[in-house]
Amino acid sequence: MRYAQGGGLTDAGRGARERIWLQAVERFERGEKNREVAAALRVSERSVERWRRHWRERGEAGVLSKGSPGRPRLSEKQVAKLERELERGPLVHGWDDQRWTLARVKTLIGRLFHVSYTVEGTWRLLKRHGWSWQQPARRAIERDDDAVDLWKKEVWPRVRASRRPATDGSSSRTRPVSR
C-alpha cells in the first residue's frame with residue numbers, strides 16, 4: 001500500500017490497513033501460503049512475509065497499528081511549563097537578546113524535557129498551542145519615514161535589476177553568428 005506524496009495515512013486509512021492485516025492473520029491461522037494470502041488481499045508477497053514474521057514473533061499484537069506517528073510528545077503539563085519559560089524570555093535562558101527563534105525554542109525544549117523536536121515540529125507545536133510569530137507592537141523611534149520614502153522613489157529604481165529586452169532568443173549554446 002503506497003502513501004500519498006508527503007504524508008502517511010489518516011486514521012481511517014490506518015483502520016483500513018489494520019483490517020487487511022487482521023484478515024491476513026486469519027488466513028495465517030488457517031495455514032494458507034503467503035502466495036495465496038497475497039493474491040486474496042491484493043498485496044505483495046513481501047508484505048505478507050513481513051506480516052507473517054511479525055505475527056509469529058508477537059502474535060496478533062505484532063500486526064496491529066501503533067497509532068498516529070504525529071502524536072504530540074509533550075504532555076499538557078509540559079506545554080504549560082514551556083509557556084511559562086517562554087514568557088520569562090530568552091535572556092533568562094542564556095541568550096543575549098530578547099528574540100525567541102524556533103531554533104532557540106527547540107533548544108529550550110531539549111534542555112527542559114530531554115525531547116528532540118525538529119524546527120518544523122517546534123513551529124507546529126507552538127502554533128497548535130496558540131503561539132504565533134512576533135510582530136512589534138510599535139515602530140522603532142529611530143525610523144525616518146521621509147528617508148524611507150525617498151529611498152523607495154530614488155534609490156530603489158536605480159539598483160533594481162533591469163529586465164532583458166523582449167527579443168527572440170535562441171536555445172542554442174552557440175551564438176547565431178558563429179554558425
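The structure is a predicted model, in which local features need pLDDT of at least 70 and side-chain atom pairs count only at pLDDT 80 or more, while totals for chains, interfaces and linings use all residues. Residues are numbered from 1 along each chain as its sequence is written, and side-chain values use heavy atoms, with hydrogens and water left out.

The protein chain holds 7 helices and 0 strands. Helices (H or I, at least four residues) and strands (E, at least two) are DSSP runs, numbered from the N terminus. Read from that end, the order of elements is α-α-α-α-α-α-α. The chain has 179 residues, and 22% of them count as buried; here buried means under 20% relative accessible area, exposed means over 50%, and partly exposed lies in between (1.4 Å probe, protein chains only). Among contacts (heavy atoms within 4.5 Å) with a separation of 6 or more, 38% join residues 24 or more positions apart.

Two packed helices are described by the angle between their axes and the distance between the axes. Axes are lines fitted to C-alpha atoms, for helices over the stretch in contact, and angles run from 0 to 180 degrees between N-to-C directions. Helix α1 (residues 11-29) and α2 cross at roughly 145°, and their axes come within 10 Å. This crossing of α1 and α2 is right-handed; a crossing has that hand if the near helix is turned clockwise from the far one by less than a right angle, and is left-handed if anticlockwise. On the α1 side, Ile-20, Gln-23, Ala-24, Arg-27 and Phe-28 meet Asn-34, Val-37, Ala-40 and Leu-41 of α2. By class, the residues of this contact comprise 6 nonpolar, 2 polar and 1 charged. In this scheme Ala, Val, Leu, Ile, Met, Phe, Trp, Tyr, Cys and Pro count as nonpolar, Asp, Glu, Lys and Arg as charged, and the others, Gly among them, as polar.

Helix α2 also packs against α3, at an angle of about 115° and with the axes 9 Å apart. The crossing of α2 and α3 is right-handed. Asn-34, Arg-35, Val-37, Ala-38 and Leu-41 of α2 make the contact with Glu-45, Val-48, Glu-49, Trp-51 and Arg-52 of α3. The contact of α2 with α3 has 5 nonpolar, 1 polar and 4 charged residues.

In the loop between α2 and α3 sits Val-43, which is partly exposed at 25% relative accessible area. Leaving out residues up to four places away in sequence, Val-43 touches Ala-38, Val-48 and Trp-51. Val-43 and Ile-20 are 23 residues apart in sequence, with their C-alpha atoms 9.5 Å apart in space.

The whole structure contains 9 salt bridges, each being a side-chain nitrogen of Lys or Arg within 4 Å of a carboxyl oxygen of Asp or Glu. One of them pairs Arg-35 with Glu-45, with the closest N and O atoms 3.6 Å apart. The pair links distant parts of the chain, with Arg-35 in helix α2 (residues 34-41) and Glu-45, 10 residues away, in helix α3 (residues 45-58). Arg-35 is exposed at 60%, whereas Glu-45 is partly exposed at 34%. Salt bridges that share partners also join Arg-27, Arg-30 and Glu-32 into one network. Within it, Glu-32 meets Arg-27 at 3.1 Å, N to O, and Arg-30 forms a salt bridge with Glu-32, also with 3.1 Å between the closest N and O atoms. Glu-32 counts as buried at 17% relative accessibility, while Arg-30 is exposed at 55%.

Thr-122, in helix α6 (residues 119-128), is buried at 0% relative accessibility. Neighbours within four places in sequence aside, Thr-122 is in contact with Leu-102, Val-105, Lys-106, Ile-109 and Tyr-117. Trp-100 lies in the loop between α4 (76-88) and α5 (102-113) and counts as buried at 17%.
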